[in-house]
Amino acid sequence: ATHQVLLSQKELLPWRKGDAKANLVVDLYDIMFETWGLKTAEIFDLTAAVLMVQPEACDFQPLHLEVITDEGPTLGQTVVVPDAEPNVYVCLEPNGDQVKQHLDATFSR
């Protein structure tokens, strides 16, 4: 889900009006844009944070997830267990516009 919310460098400009923390966030993204020549960047942690405080930005789905704990190349991977009792609600398709609006309101102050 967090791969679906993308920001461009231009979209971060209003955040420069914010406090020192907001400017630090923009500085970190600027490094990514300038170092790797990205046109857009996923905002993994920020999307997850917004969804925690604004859950209406996603239609959460009940699923049964487990984390692989066996040693090997899949260690730590999260997998869906089909036909099992749901044990978590998961955001699969966040509303990117709502997430960005919340971030703008938070960082542009």
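The questions and answers below concern a predicted model.

User: Which residues of helix α2 are buried, and on how wide an arc around the axis do they lie?

Analyst: Helix α2 spans residues 44–53. Its buried residues are Leu-46, Thr-47, Val-50 and Leu-51. An α-helix has 3.6 residues a turn, so residues three or four places apart point the same way.

User: Against which helices do the buried residues of α2 pack?

Analyst: The buried residues Leu-46, Thr-47, Val-50 and Leu-51 belong to α2. Their packing partners are two helices, α1 (20–36) and α3 (96–107).

User: What is the relative orientation of α2 and α3?

Analyst: The axes of these two helices come within 10 Å and cross at roughly 90°. Angles of 65 to 115 degrees count as roughly perpendicular. Therefore α2 and α3 are roughly perpendicular.

User: Which element gives the largest share of the largest nonpolar core?

Analyst: The largest nonpolar core has 20 residues, and those with the most contacts inside it are Trp-15, Tyr-29, Ile-43, Leu-46, Val-99 and Leu-103. Two or more residues of this core come from each of α1, α2 and α3. The largest share, 5 residues, is that of α1.

User: Which residues does Leu-46 touch, leaving aside those up to four places away in sequence?

Analyst: Leu-46 is a buried residue of α2 and is among those with the most contacts inside the largest nonpolar core. With residues up to four places away in sequence left out, Leu-46 touches Trp-15, Val-25, Tyr-29, Leu-103 and Phe-107.

User: Is Leu-51 buried or exposed, and which residues does Leu-51 touch beyond four places in sequence?

Analyst: Leu-51 lies in helix α2. Its relative accessibility is 8%, so Leu-51 counts as buried. Not counting residues up to four places away in sequence, the contacts of Leu-51 are Ala-57, Cys-58, Phe-60, Cys-91, Pro-94 and Val-99.

User: How many disulfides does the structure hold, and which handedness follows from the torsion about the S-S bond of Cys-58 and Cys-91?

Analyst: The structure holds 1 disulfide, which joins Cys-58 to Cys-91 with an S to S distance of 2.2 Å. The torsion about this S-S bond is about 100°, so the disulfide is right-handed.

User: Where do Cys-58 and Cys-91 lie, and how many residues apart are they?

Analyst: Both cysteines are buried, Cys-58 with a relative accessible area of 10% and Cys-91 with 11%. Cys-58 is in the loop between α2 and β3 (61–63), whereas Cys-91 is in the loop between β6 (88–90) and α3. The pair thus links distant parts of the chain, and its separation is 33 residues.

User: What is the phi of Asp-83, and where is this residue found?

Analyst: Most residues other than glycine have a negative phi. Asp-83 is not a glycine, yet its phi is positive. The residue is exposed, with a relative accessible area of 88%, and is placed in the loop between β5 and β6. Its phi is about 60°.

User: Is Asp-30 buried or exposed, and which residues does Asp-30 touch beyond four places in sequence?

Analyst: Asp-30 is located in helix α1. A residue counts as buried when its relative accessible area is under 20%. At 15%, Asp-30 is therefore buried. Apart from residues up to four places away in sequence, Asp-30 touches Gln-9 and Arg-16.

Terms used: Residues numbered from 1 in each chain as written. Predicted model: local features only at pLDDT ≥ 70, side-chain atom pairs only at ≥ 80, totals over all residues. Heavy atoms only, no water. Buried < 20%, exposed > 50% of the residue type's maximum accessible area, 1.4 Å probe, protein only. Helix = DSSP H or I, 4+ residues; strand = E, 2+ residues; numbered from the N terminus. Contact = heavy atoms within 4.5 Å. Disulfide = S-S within 2.5 Å. Core = buried A, V, L, I, M, F, W, Y, C linked by side-chain atoms within 4.5 Å. Axes fitted to C-alpha atoms, helices over the stretch in contact; angles between N-to-C directions. Parallel < 35°, antiparallel > 145°, perpendicular 65-115°, else oblique.
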